[in-house]
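Subject: Structure handover

Hi,

Here is the structure for your review. My notes follow below it.

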Amino acid sequence: MKTNLDHLPEDKRHQLLRAADLIQESVKPDMLILFGSYARGDWVEELADDGVHYQYQSDFDLLAVVKNEALATKIERKDSLHNRLNREIKTPISLIAEDIHFVNRRISKSQYFYTDILREGISLHDSGAFELAEPKELILHERKKLAEEDFEYWFTSSKDYFGQYKHALNDNIYNVAAFNLHQTTERLYAAILLVFTRYKPSTHDLHKLSQLVTSIEPQFLTAFPQGTEVEKARFELLRKAYVSARYKPSYSITQEELEWLSERVLHLQGLTEELCKAKIASYEA
């Protein structure tokens, strides 16, 4: 695995190494790996109209590898660490933690999310306690067949839920509409992750899924811009809709908010179709 960060601007290197120090100090992972757009060199940053906030901004995607699942869960739930990273590091950070056995099983099963990390990632820390498995790559026609099947199932399912969203919106049942829009988005993210990586985590959290998707392809950042507080609040309404729209009487969303979100979801749908089909076609090479 690579260890060189020379492709990053000096400010980004300083931020990244400071983040690594904070993580080491707080949770002491055995491995810490940079992956995604900053490892590949295709990160995106675009300022909003105010020239201060970012409309789109790639995260530092970091994988912490530890010895067991309990430690991995503890890291992901350590709010004090995540809050400190958000406070002290200008670039947003997406930190996921997994145990070494989980990671090596995924590599052995050719789940490309992990084999790509192995191939493209940059080691920021390695205690030497573990070794990563050797991947067994699928031949291209097998990979293409799996990707086609996953895309057909999840993309079709997303369109079904978007149809249910439109029915609920027309009937002025806004909470039901919000839930169906959440499910549309979740299924689009599932299609992307499975086509590109053969890995989909067991979560309904759109924030986490979005971080994984944008680590794969920065173009997906344009689906839900975060340049204003209004944009952030509307995405949060969509994120909360999986539980709150169904079970919490306090959940409230307006027609205007739903229509704005649905436009963003349709943009995501178009990107998903375009980029997933291009990725599937690449498996023919």
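Start with the helix pair. The axes of helix H8 (residues 174-197) and helix H9 (residues 206-216) come within 10 Å and cross at roughly 35°. Axes are lines fitted to C-alpha atoms over the stretch in contact, with angles from 0 to 180 degrees between N-to-C directions. Helices (H or I, at least four residues) and strands (E, at least two) are DSSP runs, numbered from the N terminus. Contact means heavy atoms within 4.5 Å. The residues of this contact divide into nine nonpolar, four polar and one charged. Here Ala, Val, Leu, Ile, Met, Phe, Trp, Tyr, Cys and Pro count as nonpolar, Asp, Glu, Lys and Arg as charged, the others, Gly among them, as polar.

The model is predicted: local features need pLDDT of at least 70, side-chain atom pairs pLDDT 80 or more, while totals for chains, interfaces and linings use all residues. Numbering runs from 1 along each chain as its sequence is written, and side-chain values use heavy atoms, without hydrogens or water.

Next, H5 (residues 100-108). Its buried residues include Phe102, Val103 and Ile107. Buried means under 20% relative accessible area, exposed over 50%, partly exposed in between (1.4 Å probe, protein chains only). They pack against strand E4 (60-66), strand E5 (93-99) and helix H6 (112-120). Just after H5, serine 110 has a positive phi of about 60°.

Last, leucine 32, in strand E1 (residues 31-35). Leucine 32 counts as buried because its relative accessibility is 0%.

Regards
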